[in-house]
Amino acid sequence: MTIGIHRPTQLIIDQSAIYHNIAKEKSRLKPGVELFQVVKANGYGHGLTQVARTAEKAGATGFCVAILDEALTLREAGFNQPVLVLGITDPKYADLMASNHIAATVGAIDWLKAADSYLTDNHQLAVHIALDTGMGRIGFQHPEELGKAVQYLAQKNSFNFEGIFTHFSKADAVDTDYFQLQINRWKAFMAVLPTRPKYVHVSNSATSLWHDVCNGNMIRFGVAAYGLNPSGGELTPPFTLKPAMSLKTEMVFVKELPKGYSVSYGATYTAKEDEWVATLPIGYADGYERRLQGFHVLVNGEFCEIIGRVCMDQLMIRLPHEYPVGTAVTLVGEDHGQSISLQDVADYCDTIHYEIACGFTQRLKRTYIN
Ligand SMILES: *Cc1c(COP(=O)(O)O)cnc(C)c1O
């Protein structure tokens with residue numbers, strides 16, 4: 001997608017915030033526990049390779065991604081650390097993965113057999129076995145199946161059984177019953193494992209922040225690195241998470257809208273009196289959702305309502321008084337002591353900040369600071 005570099009709208013990514021969040025978490029980990037930074041989905045919208053660079057400096061020793069292409073992007077950018085693809089990859093790419101030293105997630109013995117048929121001489125594929133302890137997404141469901149897969153791996157030189165992991169669905173909640181159920185199933189799985197592979201990992205951000213006794217010897221640190229509380233607001237993180245992402249633009253058109261005149265598609269907003277209105281060059285094609293009609297932005301530390309429907313590329317706000325074209329507007333982030341968080345945006349859209357962050361499209365220019 002074309003990046004909008006000739007308009008004032010931009011995502012500003014504070015690399016020092018990402019550094020802070022990762023370094024703080026690293027300092028809480030027991031000696032020998034590695035931190036793999038999760039950079040899937042363009043680094044949760046913050047930029048895949050840029051985040052990886054900062055994470056590396058902050059102490060991350062590996063990366064997790066969702067799909068093979070993201071892993072290849074890291075390799076093309078020159079990252080040599082371990083990279084794990086967390087999703088299921090078509091086994092026909094086993095050789096491509098092996099030749100790029102990219103580790104695959106395995107959830108079934110049939111996958112291993114299929115991948116084996118694609119691996120060419122001398123290529124060894126690193127695999128991490130996924131265990132489904134209650135997420136219900138991917139992974140082995142029974143300890144017996146795990147036992148068979150481990151036996152199979154032991155006979156094959158084409159694989160390096162490098163890791164084993166699970167994923168929790170409720171590590172971010174006050175109620176820990178379901179988390180405990182998953183822990184019990186995890187223990188039942190681990191009991192059939194004759195030897196432990198190099199990486200044993202169960203922790204996403206929430207698990208590592210609030211259940212760190214469970215951390216194996218590697219954590220898959222995701223959303224918290226970007227300064228976002230994985231629980232929304234239900235639990236308080238053990239240290240201050242600094243949000244890394246802001247969204248800023250400038251007014252491109254300002255007018256006085258006469259009383260009784262309407263704004264945007266469907267004419268859903270009508271001025272009750274003469275009002276000053278600014279048009280901003282951002283819309284739902286940038287991932288700024290159409291549902292945000294009625295929400296607000298910040299101008300000079302004051303909240304201004306988004307009036308009328310958010311268009312594909314533009315939206316309108318009501319001003320307290322006239323402002324000149326070019327006036328700065330904050331859609332996410334801080335402005336003169338006030339702030340709008342991704343959590344605020346997500347709450348208004350009835351979703352989670354993860355979805356808002358990774359929903360910002362490639363059209364938005366990303367500017368890296370600090
Ligand atoms: C996305 C993902 C993570 C990271 O989760 P956060 O909540 O962002 O920390 C960890 N593990 C798996 C399997 C994932 O899919």
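This is a predicted model: local features need pLDDT of at least 70, side-chain atom pairs count only at pLDDT 80 or more; totals for chains, interfaces and linings use all residues.

**Domains and overall layout**

The domain bounds I use here come from an automatic or database domain assignment. With those bounds, the chain splits into domain 1 (14-226) and domain 2 (245-340). I checked how far apart they sit: the centres of the two domains, taken over C-alpha atoms, are 42 Å apart.

Next I looked at the whole chain. Its C-alpha trace spans about 80 × 45 × 40 Å along the principal axes. I find 11 helices and 20 strands. Of the 370 residues, 53% count as buried. The accessible surface comes to about 16,500 Å², and carbon and sulfur atoms hold 50% of it. I also looked at contacts with a separation of 6 or more: 67% of them are between residues 24 or more positions apart.

**Helix α3**

Which residues of α3 are buried? Going through residues 48-58, I noted Leu48, Val51, Ala52, Thr54, Ala55 and Ala58. Looking down the axis of α3, I see these buried residues fall within an arc of 165°, so they line one face of the helix.

What do the buried residues of α3 pack against? My list reads α1 (15-28), β2 (34-38), α2 (40-44), β3 (62-65) and α4 (68-76). After α3 comes Gly59, with a positive phi near 115°.

**Gly47**

I then stepped back to the loop between α2 and α3, where Gly47 lies. Gly47 has 2% relative accessibility, so I count it as buried. Leaving out residues up to four places away in sequence, Gly47 touches Asn42 and Tyr368.

**The ligand**

Which residues surround the ligand? I wrote down Val38, Lys40, Tyr44, Leu86, Arg137, His167, Asn204, Ser205, Arg220, Gly222, Val223 and Tyr354.

For Lys40, a side-chain N or O atom is 2.9 Å from an oxygen atom of the ligand. For Arg220, a side-chain N or O atom is 2.8 Å from a nitrogen atom of the ligand. For Gly222, the atom in question is a backbone N or O, 3.2 Å from a ligand oxygen atom. How much of the ligand does the protein bury? Taken alone the ligand exposes 380 Å², and the protein buries 92% of that.

Most residues other than glycine have a negative phi, so I looked for exceptions. Tyr44, one of the residues around the ligand, has a positive phi of about 50° although it is not a glycine. Tyr44 is in helix α2 and is buried, with a relative accessible area of 8%.

Asn300 also has a positive phi, about 55°, and is not a glycine either. I found Asn300 in the loop between β15 (296-299) and β16 (302-307). Is Asn300 buried or partly exposed? Its relative accessible area is 43%, so Asn300 goes down as partly exposed.

**Asn229**

Asn229 is in the loop between β9 (218-221) and β10 (245-250). Its relative accessibility is 14%; my cut-off for buried is under 20%, so Asn229 counts as buried. A polar atom of the Asn229 side chain lies 2.8 Å from the backbone oxygen of Leu235. Beyond four places in sequence, Asn229 touches Trp210, Leu235, Pro237, Leu241 and His353.

**Ser158**

My last stop was the loop between α7 (143-155) and β7 (159-166), where Ser158 lies. Ser158 is at 14% relative accessibility and counts as buried. What does the side chain of Ser158 join in a polar contact? The partner is the side chain of Asp116, at 2.6 Å. Not counting residues up to four places away, Ser158 touches Asp116, Leu119, His123, Gln124 and Leu125.

Conventions: Residues are numbered from 1 along each chain as its sequence is written. Side-chain values use heavy atoms; hydrogens and water are left out. Buried means under 20% relative accessible area, exposed over 50%, partly exposed in between (1.4 Å probe, protein chains only). Helices (H or I, at least four residues) and strands (E, at least two) are DSSP runs, numbered from the N terminus. The arc is that of the directions from the helix axis to the C-beta atoms. Contact means heavy atoms within 4.5 Å. A residue is near a molecule or strand if one of its heavy atoms lies within 4 Å of it. A polar contact is a pair of N or O atoms within 3.5 Å; within protein, one must be able to donate a hydrogen and the other to accept it, and residues adjacent in sequence count only if both atoms are side-chain atoms. Accessible areas come from the Shrake-Rupley method with a 1.4 Å probe; for residues, only the protein chains shown count as cover.
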